[in-house]
Amino acid sequence: MAARSVEFGLLLHTRHLVRGEHGPSAVEELWGAARQAEAAGVDHLWVGDSPRLSMLDRAHADCLTIMAALAAKTSKVRIGAVPLIAALRNPVLLAHSLATLDVISSGRVLFGVSVAPQYKHVELEFEACGVPFKERAGRLDECIRLMRRLWSEESFAFEGKYYRFNGGGIQPKPLRKSIPIWVAAGDDERALRRVARLGNGWFTVAHTLDEFVGRRRKIEQFTRQVDRVSEDLPSTLFATFHLEPDARDAEEKGWSMAERYFHQPRSALRHLNPFFGTPEDCAAKLRGYVEAGLTAVVARLISPDVAGQMRLLLNEVKPRLRLGEAR
């Protein structure tokens with residue numbers, strides 16, 4: 001079997017940019033982390049999306065604006081947002097913004113979508129944006145289809161359930177004629193079917209290898225039903241990392257930093273997929289995912305020593321994940 005390397009992406013933290021006490025220094029820190037990650041060899045950079053209700057302490061700086069700035073401040077690393085809540089935005093305007101981003105970044109844009117993040121105040125967020133919460137799934141599906149047509153066709157009329165216009169198109173077009181759309185999905189079969197029908201890739205926070213394998217098998221089954229080739233569908237794991245030479249120290253420090261960052265106790269952070277341990281242990285855990293079809297990892301680093309953690313990921317973890325080579 002030919003050797004295959006797993007791609008590594010880095011989540012850039014933008015929550016602190018909306019917390020007033022940090023000021024401009026936080027912005028410079030963000031650009032520095034992006035340049036550092038590109039120089040270190042990270043394959044892609046990611047930002048989050050949840051900009052509307054900052055009183056809930058879930059807010060991020062606007063992801064499209066941050067992506068545009070990242071495109072100007074980097075030269076080769078790919079740039080993405082996940083999960084982009086596409087249903088909250090007009091698809092014509094979103095397609096136009098993303099196509100423009102693709103042009104100014106020389107074709108480096110990618111993004112992952114989901115129906116909505118799973119937290120209790122999400123309905124308020126939809127209400128604040130004037131979008132009926134109950135329509136979010138249907139709007140997302142229609143949005144994906146409409147954006148792909150806007151990126152590839154010069155002019156057309158569209159009559160959907162949620163969006164319609166008599167005729168027209170957008171300029172500029174993406175450099176690659178389209179932009180990869182990854183679909184985030186957990187256990188919900190409707191979301192897994194969306195991956196199969198509409199996704200260029202699958203984004204997951206599968207907490208165990210069994211979860212990953214089970215969900216991937218369902219996606220493969222659903223892709224066959226819609227005459228797609230499941231083996232060509234890449235999979236990305238979103239996970240939180242803290243690496244130390246001592247496994248116990250790594251776990252204790254990792255959870256402590258996660259609690260401080262999210263302003264929540266460990267019991268409320270079950271949505272995280274923690275990889276708190278030695279590089280060897282984390283690589284061994286990840287390798288099972290890779291053997292089951294994982295093609296990329298997006299790492300959230302919660303340590304203030306981002307550069308040090310990145311070095312451990314890229315130099316100590318990533319080389320151990322190459323398939324087709326001796327361990």
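This is a predicted model: local features need pLDDT of at least 70, side-chain atom pairs count only at pLDDT 80 or more; totals for chains, interfaces and linings use all residues.
Student: How do the axes of H5 and H6 cross?

Tutor: Find helix H5 at residues 136-152 and helix H6 at residues 189-198. Their axes come within 12 Å and cross at roughly 10°. Angles under 35 degrees count as roughly parallel. Therefore H5 is roughly parallel to H6.

Student: Which residues are linked with Asp141 in a network of salt bridges?

Tutor: For a salt bridge, look for a side-chain nitrogen of Lys or Arg within 4 Å of a carboxyl oxygen of Asp or Glu. Asp141 is linked with Arg194 and Arg197 in such a network.

Student: How many salt bridges does the structure hold?

Tutor: There are 18. One of them joins the side chains of arginine 139 and glutamate 135, at 2.8 Å from N to O.

Student: Is arginine 139 buried or exposed?

Tutor: Check the relative accessible area: under 20% is buried, over 50% is exposed, and partly exposed lies in between. Arginine 139 has 15%, so this residue is buried.

Student: Which parts does the pair of glutamate 189 and lysine 218 tie together?

Tutor: Start with the bridge itself, where the two side chains meet at 3.5 Å, N to O. Glutamate 189 lies in helix H6 and lysine 218 in helix H7 (residues 209-225), so this pair ties together parts 29 residues apart in sequence. Glutamate 189 is partly exposed at 38% relative accessible area, and lysine 218 is partly exposed too, at 31%.

Student: Where are glutamate 280 and arginine 320?

Tutor: The side chains of glutamate 280 and arginine 320 meet in a salt bridge of 3.6 Å, N to O. Glutamate 280 is in helix H9 and arginine 320 in the segment after H10, so to speak a link between distant parts of the chain, 40 residues apart.

Student: What is the handedness of the crossing where H9 passes H10?

Tutor: That crossing is right-handed. The axes of helix H9 (residues 279-291) and helix H10 (residues 306-317) come within 10 Å and cross at roughly 60°. Pro279, Ala283 and Leu286 of H9 make the contact with Leu312, Glu316 and Val317 of H10. Five of these residues are nonpolar, none is polar and one is charged.

Student: Which peptide bond to proline 83 is cis?

Tutor: For this feature, look at the angle omega. The bond from valine 82 to proline 83 is cis, with omega near -15°, and proline 83 lies in strand E3 (residues 78-84). Another cis bond joins glutamine 171 and proline 172, with omega about 5°. Proline 172 sits in the loop between strand E6 (164-168) and strand E7 (181-184).

Student: What is the phi of lysine 177?

Tutor: Lysine 177 has a positive phi of about 75°, although this residue is not a glycine. Lysine 177 is in the loop between E6 and E7, and is exposed, with a relative accessible area of 66%.

Methods. Residues are numbered from 1 along each chain as its sequence is written. Side-chain values use heavy atoms; hydrogens and water are left out. Axes are lines fitted to C-alpha atoms, for helices over the stretch in contact, and angles run from 0 to 180 degrees between N-to-C directions. Helices (H or I, at least four residues) and strands (E, at least two) are DSSP runs, numbered from the N terminus. Angles under 35 degrees count as roughly parallel, over 145 as roughly antiparallel, 65 to 115 as roughly perpendicular and the rest as oblique. A crossing is left-handed if the near helix is turned anticlockwise from the far one by less than a right angle, and right-handed if clockwise. Contact means heavy atoms within 4.5 Å. Ala, Val, Leu, Ile, Met, Phe, Trp, Tyr, Cys and Pro count as nonpolar, Asp, Glu, Lys and Arg as charged, and the others, Gly among them, as polar. Buried means under 20% relative accessible area, exposed over 50%, partly exposed in between (1.4 Å probe, protein chains only).
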